[in-house]
Amino acid sequence: MKSSRIKHIAMMTSDTNKLANFYKSAFGMREIRRSDRPNSSIYLSDGYINLAILPNNVPESQGAPPGLHHIGFEVEDADAASALALEMGASAGRTAVAAGRYSEGYVRDPEGQRLDISAGGWEV
């Protein structure tokens, strides 16, 4: 089996513009996309990793604490990778969807950390 790669990291914050500006200024990341609403999700890239800056003050975030929200692994076969993770002690999250922006699913590792799994990957 080919090695999976971390290709996506998502962080939660109450001020997406402030945090995105920090990563752009301090580390030279470039903005690749943002949602069209105040304090929206902002997506950055270093050319290899996609960094999502997500608002934690909207209903769908359920008041998630600031900081790391999830890590995304790009794999050859999302179903097989999810099945193996479950065999190794992960708990079920959501299976990969066939349509959508990234066609990703997720599991939770044995400590409860969300791990997105995608065969399609993320825009970088």
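1. Contact means heavy atoms within 4.5 Å. In that sense, and leaving aside its neighbours within four places in sequence, H70 is in contact with H8, I9, A10, L54, Q113, R114 and D116. The surroundings of H70 are taken up again in point 6.

2. This is a predicted model, in which local features need pLDDT of at least 70 and side-chain atom pairs count only at pLDDT 80 or more, while totals for chains, interfaces and linings use all residues. Residues are numbered from 1 along each chain as its sequence is written, and side-chain values use heavy atoms, with hydrogens and water left out.

3. The protein chain holds two helices and eight strands. Here helices (H or I, at least four residues) and strands (E, at least two) are DSSP runs, numbered from the N terminus. Read from the N terminus on, the elements follow the order β-α-β-β-β-β-α-β-β-β. Of the 124 residues in the chain, 40% are buried; buried means under 20% relative accessible area, exposed over 50%, and partly exposed in between (1.4 Å probe, protein chains only). The chain exposes about 7,200 Å², and carbon and sulfur atoms supply 53% of this area. Such accessible areas come from the Shrake-Rupley method with a 1.4 Å probe, and for residues only the protein chains shown count as cover. Among contacts with a separation of 6 or more, 53% are between residues 24 or more positions apart.

4. The eight strands form an open sheet with mixed pairing, in the order β2-β3-β4-β1-β5-β8-β7-β6. Two strands pair if DSSP finds at least two bridges between them. The edge strands are β2 and β6 (91-94), each of which pairs on one side only. On average, neighbouring strands of the sheet are turned by 25 degrees against each other, direction ignored. Helix α1 packs on the sheet and touches β1, β2, β3 and β4; its direction makes about 155 degrees with that of β4. For such angles, axes are lines fitted to C-alpha atoms, for helices over the stretch in contact, and the angles run from 0 to 180 degrees between N-to-C directions.

5. Strands of a sheet pair through backbone hydrogen bonds, either parallel or antiparallel. Strand β1 runs antiparallel to β5 (residues 67-74), and seven bridges join the two; in this pairing I6 stands opposite F73 in β5. Strand β1 also runs parallel to β4, to which six bridges join it, and T13 stands opposite P55 in β4. The pairing of β3 with β4 is antiparallel, over four bridges, and L44 stands opposite L51 in β4.

6. Two histidines can be read together. H8 lies in strand β1 (residues 5-13) and is buried, with a relative accessible area of 3%. H70 lies in strand β5 and is also buried, at 5% relative accessible area. The side chains of H8 and H70 make a polar contact of 3.1 Å. A polar contact is a pair of N or O atoms within 3.5 Å; within protein, one must be able to donate a hydrogen and the other to accept it, and residues adjacent in sequence count only if both atoms are side-chain atoms. The side chain of H70 makes polar contacts with the side chain of H69 (2.8 Å) and with that of D116 (3.1 Å). Leaving aside neighbours within four places in sequence, H8 is in contact with N50, A52, H70, I71, G72, D116 and W122.

7. The largest nonpolar core has nine residues: M11, L19, A20, Y23, M29, I42, L44, L51 and I53. A nonpolar core is a set of buried Ala, Val, Leu, Ile, Met, Phe, Trp, Tyr and Cys residues joined through side-chain atoms within 4.5 Å. At least two residues of this core come from each of α1 (16-27), β3 (42-45) and β4 (50-55), and the largest share, three residues, comes from α1. Apart from this core lies another, of eight residues, among them V75, A78, A81 and I117. With neighbours within four places in sequence left aside, L19 is in contact with T13 and I53.

8. N39 has its place in the loop between β2 (30-34) and β3. The phi of N39 is near 50 degrees, a positive value in a residue other than glycine. N39 counts as buried, at 19% relative accessibility.
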